[in-house]
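Keep the 3D view open while you go through the points.

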Amino acid sequence: MPVTGSRRTILGTAALTLALSALVLTESAYAAKPVGSGKGANTAQEGGGDKTGIYAAARIQYSGSVAKGGGTGNVTSTDVNWTPPPCWYAPYLGAKDFKKEMSKHIDSQLKAPGMGGTAGSAIGETQRHYEDGYGWSGSPGYKDYNVENDGKGMFWAGVENPDEPDYLKRSSCTDLPFWVENGEAPPPRYEEAISPEILAALAYQHMQLPDTKVALAPEATTKVNLPTWAWLDKAVFDEVQATAALNVPGFNIQATTTAKPVSLKLEPGTKDAVMYPASGECVINADDSIGEPYAKGKADETPPCGIRYLRSSGDGTYKLRATITWEINWTGTGGAGGDLPNGTFGNEQAVTVQEIQSVNR
């Protein structure tokens with residue numbers, strides 16, 4: 001008898017929680033080799049196979065300007081409501097290997113002391129689902145774990161995003177593992193199935209933007225009421241890319257996220273300052289630079305991007321914060337692409353402000 005939609009929910013939660021805890025792909029598996037570059041590091045969360053054909057959790061490979069060690073990058077989204085995906089579904093095992101793992105865990109749970117009631121029933125129905133073709137609307141069952149099609153596809157299972165702090169969100173991909181033929185897309189009902197768009201969001205999460213050290217004139221030490229010019233040259237201020245890819249037999253997708261600098265916001269570190277422009281936000285120039293380098297003879301001019309401090313920093317310094325806003329978009333397999341929320345990243349640099357000394361005659 002087919003299982004109803006509500007019954008499927010029971011299977012998807014109770015059975016996975018109790019019987020499949022070791023199968024859901026929760027490991028971060030960031031055995032990465034950072035490779036230094038001018039704008040970050042390459043981090044490969046490499047998948048691979050051994051003679052059994054088990055593909056180590058279909059690990060996502062990150063390259064380009066990404067954080068070392070597989071951790072989160074330094075980009076802060078300007079959209080407070082946007083977050084990277086907390087979990088997704090991805091290729092797990094071929095049919096024979098899945099049978100070996102799944103049957104072992106099901107048997108272990110069925111033999112556990114005190115297993116009965118709803119949980120025991122759900123585990124028994126999970127066993128029938130994979131062994132006896134017991135299914136429901138939109139989710140047909142499998143005969144003998146579909147081993148007759150081994151090599152023609154893979155079972156997919158839930159993957160937790162190890163960088164998602166909310167446990168409930170991180171562990172919300174609880175549908176039972178399902179079969180996907182090589183070269184085919186997962187069924188549309190699995191909205192969280194790994195896709196170029198999800199990979200783009202993950203590349204965004206791991207992206208490492210370059211430090212923002214603004215050129216100043218005067219440099220480091222300035223005077224009260226003397227305009228301080230600030231600028232960023234295009235040569236040290238260019239777009240950044242991060243790529244996330246998933247490559248397993250019969251399923252290969254990737255997405256590249258590109259961040260392009262569009263503005264610089266200066267925060268002087270004190271209320272006793274005048275900003276140029278008044279908003280403190282310096283927009284990008286036509287040549288992709290920001291601000292204008294100081295040149296001899298411009299001492300009496302107002303800088304297009306800069307600061308005028310009104311009070312000495314005394315024996316200390318002011319912490320000038322320079323934050324760049326980056327416009328972010330992505331492209332991926334099959335011509336997919338789109339926009340992601342703008343990102344920001346900033347640094348602080350110390351500025352000493354001295355009183356102008358006068359001599360009385």
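This is a predicted model: local features need pLDDT of at least 70, side-chain atom pairs count only at pLDDT 80 or more; totals for chains, interfaces and linings use all residues.

Residues are numbered from 1 along each chain as its sequence is written, and side-chain values use heavy atoms, with hydrogens and water left out.

**The whole protein**

- The protein has five helices and 18 strands; these are DSSP runs numbered from the N terminus, with helices being H or I of at least four residues and strands being E of at least two.
- Of the 361 residues, 45% are buried (buried means under 20% relative accessible area, exposed over 50%, partly exposed in between, with a 1.4 Å probe and protein chains only).
- Take the contacts between residues at least 6 apart in sequence: 73% of them join residues at least 24 apart (contact means heavy atoms within 4.5 Å).

- Look for the open sheet in the order β5-β6-β7, with antiparallel pairing (two strands pair if DSSP finds at least two bridges between them).
- β5 (87-93) and β7 (178-181) are the edge strands, each with a single partner, so one side of each has no neighbour in the sheet.
- From one strand to the next, the twist averages 45°.
- Helix α2 (residues 95-110) packs on this sheet and touches β5, β6 and β7, and its direction makes about 105° with that of β5 (axes are lines fitted to C-alpha atoms, for helices over the stretch in contact, and angles run from 0 to 180 degrees between N-to-C directions).
- Four bridges link β6 (residues 153-160) to β7 in the antiparallel sense, and G153 has E181 in β7 as its bridge partner.

**Strand β10, covered on both faces**

- In β10 (residues 228-232), five of the five residues are buried.
- T228, A230 and L232 sit on one side, W229 and W231 on the other, and all are buried.
- β10 pairs antiparallel with β8 (residues 215-217) over three bridges, with L216 opposite A230.
- Two bridges also join β10 to β16 (residues 306-309), again antiparallel; here W229 is partnered with G306.
- Another two bridges connect β10 with β15 (residues 290-291), running antiparallel, and W231 has G291 as its partner there.

**Helix α5 and A201**

- α5 (residues 196-206) is where you'll find A201, and ten of the helix's eleven residues are buried.
- Because its relative accessibility is 8%, A201 counts as buried.
- Setting aside neighbours within four places in sequence, A201 is in contact with W82, P84 and P85.
- A201 and T83 are 118 residues apart in sequence, yet 8.4 Å apart in space, C-alpha to C-alpha.

**T344 in strand β18**

- T344 lies in β18 (residues 337-354), and its 18% relative accessibility is why T344 counts as buried.
- Beyond neighbours within four places in sequence, T344 is in contact with N74, V75, T76, T78, T323, I324, T325 and W326.
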